[in-house]
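Please look over the sequence and the structure first, and then read on.

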Amino acid sequence: NSKMSRVYNELLLKHWSIPRPTLLISVTGSAHMIKGIQGSLLDAFRRGLYESAAHTGAWIVSGGLNVGVMKEVGKARRQYSSAYSDSVPVIGIMNMNEIQGSHQLDLDLRSFKPIEVNRSKTGQTEKGQDLGNALDPNHKFMLAVDGEDKGEKLDSWSTFEFRRAFGTYINAEGGGPGSKNVQTVSVVFNGKIGTLLAVKEMLCE
């Protein structure tokens, strides 16, 4: 809890100057190319997601990679943020080991200088070949989690555990002293067995 307090209060609120949320919108779904869904439906999803967050003062959280439903979340910000002064924090939470070219994110321990990375190129070779699992360039903030995402049970996955702890902390403490608890709205869009397992875990909490 103290670790998550530092992430939330020192990094997100203080360093990144993100306003406290009144609602947390957690998006999960397909981590692969989305097929068989009409473009108009995808656009309705993107518009509804961003506008709902803008009108309620919500944060949007997804896996932050440039593929599947995460890419659609990024597109929502790219398409609709200008109408709302880019007011919605769109936050990606992913495993460091999932990111192609993650060595670009290694901190220089000698200088501790901030790292500047072209996020759209984290999934490309030097020749520009797409390797997949690039960071989505349209997410506004990124949190990369150390550890492994392995095993049959999601609670053994570092990223799932971090994202669950992140949501739990914000639910209880995110609104600040004297305020009501921050509620989470879970949005499920497309996906396979992993998505169903994630939904099951969320419903059991």
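Predicted model: local features only at pLDDT ≥ 70, side-chain atom pairs only at ≥ 80, totals over all residues.

## Contacts along the chain

## Overall make-up

The protein chain contains five helices and five strands, and when its elements are read from the N terminus on, they run α-β-α-β-α-β-β-α-β-α.

Of the 205 residues in the protein chain, 39% are buried. The accessible surface of the chain comes to about 12,000 Å², and 51% of this surface belongs to carbon and sulfur atoms.

## Glu-72, a residue in a helix

Glu-72 has its place in helix α3, which covers residues 68-80. With a relative accessible area of 6%, Glu-72 counts as buried, because the term applies to residues under 20%.

Once its neighbours within four places in sequence are left aside, Glu-72 is in contact with Ile-34, Leu-42, Phe-45 and Arg-46. Glu-72 and Phe-189 are 117 residues apart along the chain, while their C-alpha atoms are separated by 9.9 Å.

## Pro-137, a residue in a loop

Pro-137 lies in the loop that runs between β3 (90-95) and β4 (141-145). Its relative accessible area is 33%, so Pro-137 is partly exposed, a term used for values between the 20% limit for buried and the 50% limit for exposed.

In sequence, Pro-137 and Arg-78 are 59 residues apart, whereas in space they are 9.4 Å apart, taken from C-alpha to C-alpha.

Methods
Residues numbered from 1 in each chain as written. Heavy atoms only, no water. Helix = DSSP H or I, 4+ residues; strand = E, 2+ residues; numbered from the N terminus. Buried < 20%, exposed > 50% of the residue type's maximum accessible area, 1.4 Å probe, protein only. Contact = heavy atoms within 4.5 Å. Areas by Shrake-Rupley, 256 points an atom, 1.4 Å probe, with all protein chains shown as cover.
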